[in-house]
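Student: I would like a close look at a single part of this protein. Please start there and then connect it to the rest.

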Amino acid sequence: NKTANPEASSVVQKMFYNFFSSLSYQDREPFQIDSILKESGLYKKIASGEDVSPKEIGNVLDVDAVVYGEVTSFGKIFAVVYTDYHAGLKARMVDCKTGNRIWENYNTAHQRDINIPTNPIGLAATVVEKLILLNMKQREDIKVTAFLCMKMIETIPNPSEIAESGPRIQVLVH
């Protein structure tokens with residue numbers, strides 16, 4: 001989490017996983033991964049940004065690949081008539097055996113709302129509306145995060161595209 005918002009990594013991780021789980025990969029639930037990493041002593045190292053090799057993570061989790069993610073932005077900008085909810089994610093998938101990058105993407109998403117009042121009553125209504133929206137912040141955070149994760153997931157290659165193909169059969173003799 002590279003943002004000032006302590007909830008950012010949790011919200012983005014859950015949303016990313018929701019969309020990632022619909023792909024053709026065999027995946028593990030985030031709570032299982034966290035539990036295994038905590039038992040092995042790797043959780044704090046990874047969370048603090050310490051360099052832990054993909055091979056070591058792969059061995060501990062018994063997986064072929066790992067997705068690393070860094071939340072680069074998350075939150076809102078509020079100015080009386082303008083609101084911008086935003087989320088940013090830098091992610092990569094790495095082969096645990098070779099350490100080679102399988103996929104990488106950096107993306108941001110924004111949901112902007114502009115209300116330009118034409119009279120004093122309209123200005124008052126806009127301010128009240130924005131204050132109400134601030135109280136529904138979590139809903140907007142989830143919407144912009146969902147859009148971000150959808151954009152990211154559609155760029156991940158399918159397992160069949162990255163799998164090593166077996167030997168090519170040239171002749172079959174009976």
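Where does Asp-62 lie, and between which two elements?

Tutor: Asp-62 lies in a loop, between helix 4 (54-61) and strand 1 (65-79). Helices (H or I, at least four residues) and strands (E, at least two) are DSSP runs, numbered from the N terminus.

First, how to read the model. It is predicted, so local features need pLDDT of at least 70 and side-chain atom pairs pLDDT 80 or more, while totals for chains, interfaces and linings use all residues. Residues are numbered from 1 along each chain as its sequence is written, and side-chain values use heavy atoms, without hydrogens or water.

Back to Asp-62. Its phi is near 55°, a positive value in a residue that is not glycine. Most residues other than glycine have a negative phi. Asp-62 counts as exposed because its relative accessibility is 63%. The cut-offs are under 20% relative accessible area for buried and over 50% for exposed, with partly exposed in between (1.4 Å probe, protein chains only).

Helix 4, on one side of this loop, has the highest mean pLDDT among the elements, 96. Helix 5 (residues 120-135) has the lowest, 58. pLDDT is the predictor's confidence in each residue, from 0 to 100. Where pLDDT is low, the predicted coordinates should not be read in detail. For the protein, the mean is 84, and 76% of residues reach 70 or more.

Now step back. The protein has seven helices and three strands. Along the sequence they run α-α-α-α-β-β-β-α-α-α. Of its 174 residues, 32% count as buried.

Compare another aspartate. Asp-34 sits in helix 2 (residues 30-40). Asp-34 is buried, yet it has no salt bridge. A salt bridge needs a side-chain nitrogen of Lys or Arg within 4 Å of a carboxyl oxygen of Asp or Glu. Lys-38 is the nearest side chain of opposite charge, at 5.5 Å. Here Lys and Arg count as positive, Asp and Glu as negative; His and the chain ends are not counted. Setting aside residues up to four places away in sequence, Asp-34 touches Gln-13 and Tyr-43. Contact means heavy atoms within 4.5 Å.

Helix 1 (residues 8-20) has 13 residues. It reaches 18 Å from first C-alpha to last, close to the 18 Å expected at 1.5 Å a residue. That expected span is 1.5 Å times one less than the number of residues. Its buried residues include Val-12, Met-15 and Phe-16.

Go on to strand 2 (residues 82-95), where His-86 lies. His-86 is buried because its relative accessible area is 15%. Neighbours within four places aside, its contacts include Ser-73, Ala-109 and Val-144. Glu-140 is in helix 6 (residues 137-153). Glu-140 and His-86 are 54 residues apart in sequence but 9.2 Å apart in space, C-alpha to C-alpha. Glu-140 counts as buried because its relative accessibility is 5%. Beyond its neighbours within four places, Glu-140 is in contact with Tyr-85 and Gln-111. Among contacts between residues at least 6 apart in sequence, 63% join residues at least 24 apart.

Last, the cysteines. Cys-96 is buried, at 4% relative accessible area. Cys-149 is buried too, at 0%. A disulfide is a pair of cysteine sulfur atoms within 2.5 Å. By that rule, the count of disulfides is zero.
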